[in-house]
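Work through the exercises below with the sequence and the 3D view side by side. Try each task before reading its solution.

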Amino acid sequence: MKYCTKCGRELLDEAVICPGCGCAVESNVPAVRGNEKESVLKTIAKVFMVLGCIANGIALFPLC
Ligand SMILES: [Zn+2]
């Protein structure tokens, strides 16, 4: 358990914003940023996969 540095409210360990005062919770910030970056890369990869499937579908459509 950790506490807000501004208002002293109890926070969940995974909380990033204090529900009492709305200020950002400082701990775990680098790990959260790393996860966000990874999820963004995964999202970009998914978008390119979908675009590739669409491009293949368009390329193969005249052959059908
Ligand atoms: Zn607070």
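The exercises go from the whole chain to two single residues.

**Exercise 1. Judge the confidence of the model.**

Solution. Start with the origin: this is a predicted model. Next, take the chain average, a pLDDT of 83. Finally, go element by element. Confidence is lowest in helix H1, residues 29-60, with a mean of 82. It is highest in strand E2, residues 10-11, at 92.

**Exercise 2. Describe the fold of the protein chain in outline.**

Solution. First count the elements: one helix and two strands. Then read them along the sequence, which gives the pattern β-β-α. Now turn to burial. The chain has 64 residues, and 3% of them count as buried. Last, look at contacts with a separation of 6 or more. Residues 24 or more positions apart account for 3% of these.

**Exercise 3. Is Arg9 buried or exposed, and which residues does Arg9 contact beyond its sequence neighbours?**

Solution. Locate the residue first: Arg9 sits in the loop between strand E1 (2-3) and E2. Count neighbours next. Arg9 has 12 C-beta neighbours inside 10 Å. The cut-off for exposed is 12 or fewer, so Arg9 counts as exposed. Now set aside residues within four places in sequence. The contacts of Arg9 are then Tyr3, Cys4, Cys18 and Gly20. Take Gly20 from that list. Arg9 and Gly20 are 11 residues apart along the chain, and their C-alpha atoms are separated by 6.6 Å.

Terms used:
Residues are numbered from 1 along each chain as its sequence is written. This is a predicted model: local features need pLDDT of at least 70, side-chain atom pairs count only at pLDDT 80 or more; totals for chains, interfaces and linings use all residues. pLDDT is the predictor's confidence in each residue, from 0 to 100. Helices (H or I, at least four residues) and strands (E, at least two) are DSSP runs, numbered from the N terminus. A residue is buried if 20 or more other C-beta atoms lie within 10 Å of its own, exposed if 12 or fewer, and partly exposed in between; C-beta atoms are placed from the backbone. Two residues are in contact if their C-beta atoms, placed from the backbone, lie within 7 Å.
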